[in-house]
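Morning, everyone. I have one structure to go through, so please look at it on the screen.

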Amino acid sequence: MEKFRTAVIGCGGIANGKHLPSISTLKNVELVAFCDLIVERAEKAAKEYGVEGAKVYTDYKELLAEVKPDVVHVCTPNRAHCQITCDALEAGCHVLCEKPMAICGADAKKMLDTAKKTGKKLSIGYQSRYRADSQYLKAECEKGALGEIYYAKAHAVRRRAVPTWGVFLNEYEQGGGPLIDIGTHALDLTLWMMDNYRPKYCVGTKYRKLADQKGNTGNIWGDWDPEKFTVEDSCFGFIVMENGATINLEASWALNTLDVIEASTSLSGTKAGADMRAGLRINGVENGRQYVLKPDFSAGGVAFVEGDAGQKCEVIEAWQFYNAIATDTDPCVLPEQAYIVSLILEGIYKSAETGKPYYFELD
């Protein structure tokens, strides 16, 4: 079995909550280096997950030059995704970068172009694709069960769940708030199901209606600091695709609503529709009667890659990425797809700022 020497750049919450535990389940991966601007984080990660003699750095360029890893996981704030990913690809590494791909379309395009130039694998951490309901719905879409999907909704709505740690509230570091943080998952799922990556134009609105509240916010992670809350608390987009299909995208961290749903999509096609509101539900008409189909996911299903049945989606994400490297096949999340997600998010933000529709110029 081929062994991969892997480095993790950025040893904060997403690395410890998702990437490191997932990588540690893989027998063909050795975590050989860790990098973080706060050296204690890298040291802690190395002690808990690293092989004997694992190296610790605060400068990722030194890590790339000295360790020369096979694979790099980029788990930094959004602004750093592009430069670190491109440098790692140029250094001969395959890269799994945490979502979103980048803070803007130009950065995402640079990452895509660098991956093509170097011939290295690049994928983005949209782990919601590997959930059982997502896999089932994707299979239905691929076989045409929904027909032409011409209307969709991408849902990422929290009532009062503002992340108050790290740099989530910092517009400079992250590029935005709930739209780029959780809206990106919902949009990725929706575009993937539709298999439609040709946006024509979008209209966006964004709000800071609750972010300036001081105290007694009811936030599940404690009150936020309005002075540090420099991003939107909600953002909404209407996207028109080149083929005429439309998508409504809703994203919020704090909204006075009971209609709470996250990393979810609703689809309407010419043959049937689907949503993920009470588990996966597929609706249509058969023999003159309306029906609702609810698949049972309590039983085992077909594994995405050998041995993954019943595993967490983040573990499957890691397994399939390393499998793609080992077999020289495409990972599930293609950089070309993630680039369009970033392009649309940027378009919604620009529309919200100008008050005008934003038109896309695709190659």
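I will take a sheet, then a helix, then some aromatic rings.

This is a predicted model, with local features needing pLDDT of at least 70 and side-chain atom pairs pLDDT 80 or more, while totals for chains, interfaces and linings use all residues. Residues are numbered from 1 along each chain as its sequence is written, and side-chain values use heavy atoms, leaving out hydrogens and water.

The open sheet has 6 strands in the order β3-β2-β1-β4-β5-β6, paired in parallel. Strands are DSSP runs of E, at least two residues, and helices runs of H or I, at least four, numbered from the N terminus; two strands pair if DSSP finds at least two bridges between them. β3 (55-57) and β6 (122-125) are at the edges with a single partner strand each, so one side of each has no neighbour in the sheet. Strand β5 (residues 94-98) is joined to β6 by 4 bridges, and E98 stands opposite G125 in β6.

Next, helix α6 (residues 132-142). Its buried residues (under 20% relative accessible area, 1.4 Å probe, protein chains only) are D133, S134, L137, K138, E140 and C141. Seen down the axis of α6, they fall within an arc of 160 degrees, taken from the directions from the axis to the C-beta atoms, so they line one face of the helix. Just after α6, G144 has a positive phi of about 85 degrees.

Last, the rings: there are 10 aromatic pairs, meaning Phe, Tyr or Trp (six-membered ring) centres within 6.5 Å. W224 and F229 have ring centres 5.8 Å apart and planes at 85 degrees, so the pair is edge-to-face (over 60 degrees; under 30 is stacked, the rest tilted). W224 and F229 are both buried.

Terms used. Buried means under 20% relative accessible area, exposed over 50%, partly exposed in between (1.4 Å probe, protein chains only).
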